[in-house]
Amino acid sequence: MGRRVEGDGMPKDAAVEEFARLVRALKARDGRSYEALGRRLSVSASTLHRYCSGATVPEEFAVVDRLALLCGADEEERRALEVAWSRADGARRPPAPEPAAEPAAEPGPEPKPAAEPAPAPEAVPEPELEPVHARVPGLPSERRRLRWGWMGVVGGALAVVGTVTLGAVLLPGKARERAAEPPAPLTWTVASDLWKNGCGHTYLVERTPAPPPEAADARSWAAAQGAVDGGETLVRVSVQGKGAAAVVLQALHVRVVERGAPLPWAAYRMDDGCGGAVTPRRFEVDLDRPRPVARALNGYDASGEEGRTLPAVSFPYAVSDAEPEELLVSAGAAGCDCRWYLELEWSSEGRRGRVRIGDEDGAPFRTSGAKGRPVYGYDSVGRAWITGEESGQGG
């Protein structure tokens, strides 16, 4: 929830408008609808819209910080956002009324002098503990004392790094241009814990994991084991227009946001080898390249008496609410531990934009090379992980 700033049609304070501009920029960068983002932030779509328009400023910074994290903002951007929120938070509050002057007392008979009371011992003021949040440069300390004063002792040791690290400029360079982009006229869903042909996948795990799950339970299993995709990540993106007007998908880009050495963990295979009658058309990405690209490949259907080729997806092509499309991306890595996003470029009715696509939680996808790692398969009879040589898989 938030506080109303000013009536409709009245000019907004510059601090409030600057804060609203930064929130709009985050919303535009992410590309999801108000409803989709609101569900993740536990606020209504109308409330989020009021934050973006400047009609309302949130009571607490926490909801805005969650939005920043959800949209991929870094620490500097989050610091700038908190500074802007603090200024807007102060601007939207009316000044405290000055106390009214007391009326002069009418003259009357002088009172008889009373015996002077014994002087009270001088009170020694207790030292005031200033919460960590109040020491952020540029933020109003008195406001922080009211809101977080009770956390001064307990939170001081815990919040030094976490809450104070929030920055000075939100959207530098090209990211600023996206602030003016219109809301995307399309929706999408993502599935990133897929196994090839529904049965084959390799994970890198630091410690011996639990027995392999069913493919449908792969996401929760991988999260519980701290597992990372080994060698390949399969991503399925289902794209659909919001209305009858066609949305033209112009291109699919790959953005690597972090690159490190492959993880030194053992590899655990989820199958003993499996195959499928259909090789779907897909986009193939080599994450080891300095600038990875999504390359469209044909698929093949061998299920009939005569096999047939499934033509590769070629851009541009259109989607609408009645004609959705599925994009299957196979991203491979041998020499890196890569975190990456997809970026879908679209146009519709004279407008253009891009939407960034991460995993189901909005985080980057992650793929690490697995070459040369010890390989284990699961022995369902002995109920134990065994080396590739023992299981017949090899390395």
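In this predicted model, helix H2 (residues 34-41) packs against helix H3 (residues 45-53) at an angle of about 100°, their axes lying 8 Å apart. Here axes are lines fitted to C-alpha atoms, for helices over the stretch in contact, with angles running from 0 to 180 degrees between N-to-C directions; helices (H or I, at least four residues) and strands (E, at least two) are DSSP runs numbered from the N terminus. H2 is therefore roughly perpendicular to H3, a label given to angles of 65 to 115 degrees. Contact, meaning heavy atoms within 4.5 Å, involves Tyr-34, Glu-35, Leu-37, Gly-38 and Leu-41 of H2 together with Ala-45, Leu-48, His-49 and Cys-52 of H3.

Residues are numbered from 1 along each chain as its sequence is written. Local features need pLDDT of at least 70, side-chain atom pairs count only at pLDDT 80 or more, totals for chains, interfaces and linings use all residues, and side-chain values use heavy atoms, with hydrogens and water left out.

Some backbone details complete the picture. A cis peptide bond, with omega about -5°, joins Phe-315 and Pro-316; Pro-316 sits in the loop between strand S13 (308-310) and S14.

Terms used: Angles under 35 degrees count as roughly parallel, over 145 as roughly antiparallel, 65 to 115 as roughly perpendicular and the rest as oblique.
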